[in-house]
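This report is for a reader meeting the structure for the first time. Look at the sequence and the model first, then read on.

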Amino acid sequence: MSGARPVWEEKPTAVGLAGKGAALTAMALVVLIPLWSVLVTSLSSRQTINAAGGMVMVPKGIDASAYVTIFSGGIVTRALWVSTMVTVAGTVVSLTLTVLAAYGLSRPGSVGHRTLLFFFLLTFLIYPGLVPSYLVVTGVGLKDSLWALILPSAISVFNLVVVRGFFQGLPHELLDSARIDGAGEFRILWRIVLPLSRPVIAVVGLFYAVGYWNVWFNALLYIDSNDKFPIQRILQSMILQGQSPSFSGQSVGSLPPTQAIKMAVVMVTVAPIVLVYPFIQRHFVKGVIVGAIKG
Amino acid sequence: MSTEVPVAAGPSAELARPPAPEQPPGKRRRPRVPLRARLRRDWPLLLMTAPAALLLLVFHYLPTLGNVVAFQDYNPYAGDGPLSAFLASEWIGFGNFETLFGDPAFWDALWNTLSITAFQLIFFFPLPIALAILLNSVISGKLRGFIQTVVYLPHFFSWVLVVTFFVQMLGGAGLLAQELRQAGIEPPNIMTNPDTFIVLVTAEAVWKDAGWGMIVFLAALAMIDPNLYEQAAVDGAGRWRRLWHVTLPGLRPVIVLLLILRLGDALSVGFEQFLLQRDAVGRDAAEVLDTYVYYQSITTGNFGFGAAAGLFKAAVGLVLILAANRVAHLIGERGLISRQ
């Protein structure tokens, strides 16, 4: 489908081309301008920010003091640490359990296969609702524990179905011959299936990691202590509720401009996603769509 | 690659199959292999599935059963934990539902939810289709890849981030207001105006997810047989007629599928998005069913009532999705769940 224009297709008109170009440019700019503006403002000095009136579009020198401030201890540093831990631990737990269950459910005809599959798929149609979930999570003693941000959402059945679909698309002969050679299921999963499944693992891992990094509402619901707040809670209270965070070790007068600090917090919240996602993106279609169709 | 289901988002493709047709019907060999032997063969698979199943049991099915507190005057202080409080609380039948249906704020929230769903069905739903068709017509693979990379990105941002970006761009102290003021124009009130809130939340949803929404349609477009286009062109169909007679029919199953999913979710319109902006815009415009449940239960401790509202929402959602699926069958599409 890429490459040259098919011979039977009409030559595009000048108006059509211009319209298309404008639409594509607009699509890109609508995403890039906010990112650019926030980035530049976070790196601007007080004079530049005041001269621009709040948001800076044209950089005049680089002033990284806002980043120094938020990384030198205080609530933002702690929240970044909390979010990193939750993201890493959560992704490991989610990926492990999802891959195991996806493999366990990938063989029609095994004991309990239909029942178990139904048990998993039924979650698409029936969901518990906020109040009972809250009661269960607090009831099992997870209130104010970071595990409350991980365990209740650890299994995404959607992701599981995608991984299972991908596993079922692998060549059966390969697994069968390993089985004949006496390899156990765990060994087959680890040695044969996983190395062949990197695209889907990467994509599903990204989905999980992004979910954990973005956790906000569950933190609002379950986390009471300030020192366990993930970064999204801090971002919300700073920008949407206008509270100024506390920073240790610096007097208020010597702090970089509030606007730069706020935008720096936005940038550190965006950064992990922007940095990781392009490497995974090329697997999207291969990993997910194919997995889903085969499923 | 199987082309039975043209292209579908994961769970749908999965549900579209009758569960595990392992044997051709008619000659199902049932207990040929005794259960004990099958267990000896398959226990590792069961062991692998167990942890995930356990988590779903505790955090999905247990709360689903827990919805029975909707029929209680649940008192969280009646015991030293939710379970003992549940056992000690009084059963009041449909009392919570009576209160719910008698509360004007509930009907306001329901009305807001349905208006926003309808509005987004018109102004959001077709957008990814149009964008995908536009992008698919770009010949340069590099340009296509670049645009995809850029417009997929906001899908991975949290709602806190999305609202933050909108505040920084369109809010009272944002980029737009600042530029307008410098040009001597009084900036309009965008982020806190209840009258235009429905447009704002739709714009936010579009910014976050319209790009990502293209991905299924792009995959479906790639699967349309290029010969169909060529034959249509040879028969004298121009580009608009080819769009109508080749492209759109090729996308039809995916469109129907996503419509069913959206209709089944008609009572959900992005909980976090509304919770984050409810204070700035006010309850009249920004209270939707999900935020109503939250403010009527978690913040007040009125759990039985909140569970009743949540149960109502889940029940209506289930009916909606089954009804939409039925309609899809009637118009000759496979829909979400096949008849078995």
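## Model and numbering

Residues count from 1 along each chain as its sequence is written, while chains take letters from A and ligands numbers from 1 in the order in which they are written. This is a predicted model, where local features need pLDDT of at least 70 and side-chain atom pairs count only at pLDDT 80 or more, but totals for chains, interfaces and linings use all residues.

## Two domains in chain A

Chain A is assigned domain 1 (14-63) and domain 2 (67-294). These bounds come from an automatic or database domain assignment. Taken over C-alpha atoms, the centres of the two domains of chain A are 31 Å apart.

In chain A, 8 residues of domain 1 are in contact with 7 residues of domain 2. Contact here needs C-beta atoms, placed from the backbone, within 7 Å. On the domain 1 side, α1 (14-42) and α2 (46-52) of chain A each give two or more residues. Helices (H or I, at least four residues) and strands (E, at least two) are DSSP runs, numbered from the N terminus. α1(A) gives the most to that side, with 4 residues. By class, the domain 1 side has 3 nonpolar, 4 polar and 1 charged residues. Ala, Val, Leu, Ile, Met, Phe, Trp, Tyr, Cys and Pro count as nonpolar; Asp, Glu, Lys and Arg count as charged; the others, Gly among them, are polar.

## Transmembrane spans in chain A

An unreviewed UniProt entry lists "transmembrane region" for chain A at residues 22-43, 87-105, 117-140, 146-167, 188-210 and 260-280. Positions follow the numbering used here, feature names are shortened, and annotations may be inferred rather than shown by experiment.

Take two of these spans. Residues 117-140 of chain A are 62% helix and 0% strand, with end C-alpha atoms 26 Å apart. Residues 260-280 of chain A are 100% helix and 0% strand, and their end C-alpha atoms lie 30 Å apart.

## Where the chains meet

Chain B puts 90 residues in contact with 96 residues of chain A. Helix α2 (residues 35-66) of chain B gives the most to the chain B side, with 20 residues. That side has 64 nonpolar, 19 polar and 7 charged residues.

## Inside chain B

Chain B has 16 helices and 2 strands. Of its 340 residues, 39% are buried (20 or more other C-beta atoms within 10 Å of the residue's own; 12 or fewer is exposed, in between is partly exposed; C-beta atoms are placed from the backbone). Among contacts in chain B between residues at least 6 apart in sequence, 65% join residues at least 24 apart.

Which residues of α11(B) meet α12(B)? They are B:Leu228, B:Tyr229, B:Ala232 and B:Ala233, and their partners in α12(B) are B:Arg242, B:His245 and B:Val246.

## Two single residues

A:Asp144 is not a glycine, yet it has a positive phi of about 60°. A:Asp144 sits in the loop between α6 (130-139) and α7 (157-168) of chain A. A:Asp144 counts as exposed because it has 12 C-beta neighbours inside 10 Å.

B:Arg326 belongs to helix α16 (residues 303-330) of chain B. B:Arg326 has 13 other C-beta atoms within 10 Å, so it is partly exposed. B:Arg326 and B:Val58 are 268 residues apart along the chain, and their C-alpha atoms are separated by 32 Å.

Notes: Two residues are in contact if their C-beta atoms, placed from the backbone, lie within 7 Å.
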